[in-house]
Every structure is written in C-alpha cells, then in structure tokens.
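Here's a quick briefing to read alongside the model. Have the sequence and the 3D view open as you go.

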Amino acid sequence: YTMSTKKSLCAVMLMTVNSGCAAMMPTSRNVTPSYTSSEISIGLDAVIAAPSALAITSVQVTVQQSLQVSEADVFVPIADIVWRGQPEGDRYQQVSAIFQDAAARATGDMTLGRGVIVSLEVTRFHGLTEKARYTVGGNYAVHFLMTVRDAATGEILDGPPPVVADVRGVGGVRTIAEDNAGRTELVLVTERLADVLRGELTSLVLPVEL
C-alpha cells in the first residue's frame, strides 16, 4: 500500500471504532435505574421497622405457684408476690385477674391485622405492705415475660422479653386521700399495667409475612 492509502485506512478504522463506542453508550433517558445492595437493605429495613398491625385473638396469663407469697406486714417482705390491694385470699388468682383486666383494656380495640396470641408470665408482683403504704410509700414492682405467637400456626413471633411495669405509690396521708377519691392500689396498678402492655404491643415489630 502507498502511504496515502494507509492513512485513509487508518482514518476509516478510527471512525468505525468511535461510532461503535457511541452506539454502546445509552442515553440517560434509556438507562435502567440501578441500586446498590446497601440501598436495597435500607429500603427493606424501613418497611420491616414499621410497627405491626395486630389482631389479638386471646391473652393467656400464667402465675406460677412456685412464686413465693408473703402476707408479712413489714416494710419490704422477701417474696415474689406482695399484694394488699384486695382482701386476703388467693393472691395468685388475684394477680392473674389483674393482668387479665389490664390486658383486656390494652387490647380491646386491637382487632385488625395479623392474628396473634399473647402470653404473659408473671415473674414478680411486689406491692406495698400496710406499714410501707401508710408511712413512706414506695414502688410497685410488676414484672413479667411476654410472648407473641401466630394465632394460626403457633409460631413464636416475639419474646419472651422481660417487661417492667413498675409504678410509684404515695404514702401516709396522701394514700388515705387517694383511697377516699377512689384511686386505690388496684386502680393504680391496673392502669399502669394496661398502659405498658398497650405500649409494648403497639410498638412491636414482627417479621414480615411472605
């Protein structure tokens, strides 16, 4: 080939390569959006982190007979169950009824969403004795384990995490005033327990159903 012919061939080859590159570069309008794995993960986390809508089909309360009960009128009895808010009787049954009442208040309108069964196991229900209540007051220690199961399959969806529903009780003349106004120990503890239960259940995040 002559020098001029070689230059012409080179020019043609360069034009072909450039035109091929231009054809392989799509315009931005035709580009399919792409996402990194971290962006996808963040998107899924945002969906999964939303509180779950629950339909409470039943609430089961367990108060083990192994829990120690004390009727001693001292400031701080060494026991698991200390309760003076009702006449002396079956403290296990009384505590169970308090939990059932509080749970009914907390979940009464929770009827739409995933059907679940809530199990509550009382681990401590330590109220105030007469000696403590009519002098210095003190803390009502209400502790329990909460397990949430799928109503259809029985699969455990959450739990059992320990839950604390403590509430402060007044003492002395303020106690007498509150009793006279109808705000008794039973009212105080039941309201507090209902509030805590509702807070736990309405903020619960369950695995997404597939």
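Contact here means heavy atoms within 4.5 Å, and helices (H or I, at least four residues) and strands (E, at least two) are DSSP runs numbered from the N terminus. This is a predicted model, where local features need pLDDT of at least 70, side-chain atom pairs count only at pLDDT 80 or more, and totals for chains, interfaces and linings use all residues. Residues are numbered from 1 along each chain as its sequence is written, and side-chain values use heavy atoms, with hydrogens and water left out.

**Helix 3**
- Helix 3 (residues 91-107) has 17 residues and spans 24 Å from first C-alpha to last, close to the expected 24 Å (1.5 Å times one less than its number of residues).
- Its buried residues (under 20% relative accessible area, 1.4 Å probe, protein chains only; exposed is over 50%, partly exposed in between) include Tyr92, Val95, Ile98, Phe99 and Ala102.
- The buried residues of helix 3 pack against strand 1, strand 2, strand 3 (114-126), strand 4 (138-150) and helix 6 (185-202).
- At the start of helix 3, a side-chain oxygen of Asp90 comes within 3.1 Å of the backbone nitrogen of Tyr92.

**Salt bridges**
- A salt bridge puts a side-chain nitrogen of Lys or Arg within 4 Å of a carboxyl oxygen of Asp or Glu, and the count comes to 9.
- Glu130 pairs with Arg84 in a salt bridge, with the closest N and O atoms 3.1 Å apart. The two sit 46 residues apart, Glu130 in helix 4 (residues 130-133) and Arg84 in the loop between strand 2 and helix 3.
- Glu130 is partly exposed at 35% relative accessible area, while Arg84 counts as buried at 12%.
- Asp109 forms a salt bridge with Arg198, at 2.9 Å between the closest N and O atoms. This pair links the loop between helix 3 and strand 3 (Asp109) to helix 6 (Arg198), 89 residues apart.
- Arg133 and Asp179 also meet in a salt bridge, 2.7 Å from N to O. Arg133 lies in helix 4 and Asp179 in helix 5 (residues 173-180), so the pair ties together parts 46 residues apart in sequence.
- Salt bridges with shared partners join Glu71, Arg84, Arg91 and Glu130 into one network.

**Surface patch**
- Phe75, Val76 and Val136 make up a nonpolar surface patch with about 320 Å² of accessible area together (Shrake-Rupley, 1.4 Å probe, only the protein chains shown counting as cover).
- Patch residues have over 30% relative accessible area and no salt bridge; like charges are joined within 9 Å, nonpolar side chains (Val, Leu, Ile, Met, Phe, Trp, Tyr) within 5 Å.
- Val76 lies in the loop between strand 1 (54-63) and strand 2 (81-82), and counts as exposed at 63% relative accessibility.

Conventions. Polar contact = N/O pair within 3.5 Å; in protein donor to acceptor, adjacent residues only side chain to side chain.
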